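Please open the structure in your viewer and have its selection tool ready. The stops below say what to select next and what is found there.

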Amino acid sequence: MEKYVFNASEEYALKLDQNDCLASFRNEFYVMDGKIYLDGNSLGLLSKRSETSLLTLLDSWKQFGIDGWMEGENAWFDLSERLGGRLASLIGALPDEVIVSGSTTSNLHQMIATFYQPQGEKVKILADELNFPSDIYAIQSELKLKGFDPHTHLVQVSSRDGRLIEEDDIIHAMTDDIALIVLPSVLYRSGQILNMKRLTEEAHQRGIIIGFDLCHSIGAIPHELSDWGVDFAVWCNYKYLNSGPGSVGGLYVHKKHFGQVPGLAGWFSSRKDKQFDMEHVLTPASHAGAYQMGTPHILSMAPLIGSLEIFEEAGLKNIRNKSLLMTRYMMDLIKYELCEMEFSLGNPIEDSRRGGHVFLEHQEAARICKALKVNGVIPDFRAPNGIRLAPVALYNTFKEVWETVQILKRIMTDEEYKQFENKREVVA
């Protein structure tokens with residue numbers, strides 16, 4: 001694609017679409033008629049391949065019954081391991097360092113239970129004040145289970161502006177009493193990317209275990225977790241990876257920790273050849289599979305099979321390049337068209353620090369989101385005053401970005417938003 005030079009015309013949006021090497025992948029998805037879907041950073045759209053892989057796994061149950069555990073193209077018994085191996089390239093990990101299992105929160109509980117080993121003065125857990133609440137709830141619970149008070153043993157790094165977290169502030173908080181660090185790779189509101197490599201190096205210099213929540217980065221930005229030495233990571237697969245509502249999550253454990261007994265064990269923690277010996281002493285798997293617990297949710301895992309095919313064909317580098325261009329284009333349009341309408345950009349401007357969405361702030365954000373929905377644009381409201389807009393590389397177009405900003409301009413100019421209450425819905 002030729003060098004991007006901003007142009008506010010619709011013709012330029014169409015030109016960007018004509019030069020888009022990923023344009024054909026839009027046909028892989030069930031795109032909603034008459035709507036512009038910009039909430040893929042919360043729930044990705046269904047692809048036709050995911051639908052097929054789900055129906056195929058459903059058919060294997062119908063065809064094989066219990067023998068589906070060992071028979072069929074996608075036998076269930078080691079499906080978590082095989083899908084983990086396919087996910088590994090998206091996060092820069094070795095195949096046996098990744099497992100598809102559980103949910104973000106259950107996997108985070110597992111990682112904390114395994115790696116939070118308070119000893120001597122190292123008794124506290126470090127997080128940040130902008131982290132997704134579920135992660136904080138898990139940390140608080142695990143501290144209580146170890147007999148500690150979250151008010152004193154959970155240290156949360158403050159934001160200087162309510163949007164971003166400075167890495168220098170995180171490093172400054174890596175004091176001698178910190179045993180474990182849990183951070184997001186990308187902040188869920190502002191879309192800020194944290195420098196995982198730098199933070200991991202600084203933590204390890206101080207003898208601290210560090211892990212990341214990749215929910216808002218996996219499938220959107222490249223990672224090199226193994227090379228960076230990151231100790232562990234957890235994530236969901238239903239945002240940028242389009243594997244469906246409540247689908248099975250994933251976790252990564254660096255190979256240097258293989259052999260660490262899982263803090264929360266279950267029968268799928270077992271070494272495969274020992275699992276059906278039914279012994280009352282666990283023989284853990286020698287890879288990331290040791291950190292599974294219960295029976296895999298096969299039907300909730302099935303859509304990921306089809307989704308990963310698309311990622312393997314599209315290439316993460318291409319996806320990231322288009323995502324950066326789309327968010328850059330959206331920000332430029334917002335600054336050009338909405339400059340006098342009291343909007344502000346709450347996400348980082350720099351490509352190296354910006355994830356896959358634009359975070360637009362306005363004091364009337366809740367009612368503006370409702371007006372956008374009425375006009376066929378699906379955004380995501382985040383309290384107290386944030387509008388997340390995620391143009392997803394695999395199925396959104398540059399013309400949709402252009403149309404969204406035009407609709408937003410009309411909503412503000414005609415004051416359409418004033419017919420709605422400035423209060424979020426139950427599901428924001």
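**Before selecting**

This is a predicted model, in which local features need pLDDT of at least 70 and side-chain atom pairs count only at pLDDT 80 or more, while totals for chains, interfaces and linings use all residues. Residues are numbered from 1 along each chain as its sequence is written, and side-chain values use heavy atoms, with hydrogens and water left out.

**Stop 1: the annotated residues**

Select Thr 104, Thr 105, Phe 132, Pro 133, Ser 134, Asp 135, Asp 213, His 216, Tyr 238, Trp 267 and Thr 295, which an unreviewed UniProt entry annotates as "binding site". They are spread over 192 residues of sequence and also in space, with up to 30.1 Å between C-alpha atoms. UniProt positions are given in the numbering used here, feature names are shortened, and annotations may be inferred rather than shown by experiment.

Now pick out Thr 105, which is found in helix α4 (residues 104–115). Helices (H or I, at least four residues) and strands (E, at least two) are DSSP runs, numbered from the N terminus. Thr 105 is partly exposed, with a relative accessible area of 26%. Here buried means under 20% relative accessible area, exposed over 50%, and partly exposed in between (1.4 Å probe, protein chains only). Leaving aside residues up to four places away in sequence, Thr 105 touches Ser 134 and Ala 138; a contact means heavy atoms within 4.5 Å.

Move to Pro 133 in helix α5 (residues 133–145). Pro 133 is partly exposed, at a relative accessible area of 32%.

**Stop 2: the largest pocket**

Which residues lie nearest the centre of the largest pocket? Select Phe 132, Cys 215, His 216, Tyr 238 and Lys 239: they lie nearest the centre, out of 20 lining residues. On a 1 Å grid over the protein atoms alone, a pocket is an open set of points where a 1.4 Å probe fits, with protein on both sides within 12 Å along at least five of seven lines; lining residues have an atom within 4 Å of a point.

The volume of the largest pocket is about 350 Å³, a volume being the space filled by probe spheres set on the points, which are joined across faces, edges and corners. Helices α4 and α5 and strand β12 (380–382) each supply at least two lining residues. The lining divides into eight nonpolar, six polar and six charged residues. Ala, Val, Leu, Ile, Met, Phe, Trp, Tyr, Cys and Pro count as nonpolar, Asp, Glu, Lys and Arg as charged, and the others, Gly among them, as polar.

**Stop 3: salt bridges**

The whole structure has 32 salt bridges, each a side-chain nitrogen of Lys or Arg within 4 Å of a carboxyl oxygen of Asp or Glu.

Select Glu 309 and Arg 49, a salt bridge with its closest N and O atoms 3.4 Å apart. Glu 309 lies in helix α10 (residues 298–314) and Arg 49 in helix α2 (residues 48–64), so the pair ties together parts 260 residues apart in sequence. Glu 309 is partly exposed at 33% relative accessibility, whereas Arg 49 is buried at 18%.

End at Glu 337 and Lys 409, whose side chains meet in a salt bridge (2.8 Å, N to O). This pair links helix α11 (residues 316–337), which holds Glu 337, to helix α13 (residues 398–413), which holds Lys 409, 72 residues apart. Glu 337 is buried at 12% relative accessible area, and Lys 409 is partly exposed at 29% relative accessibility.
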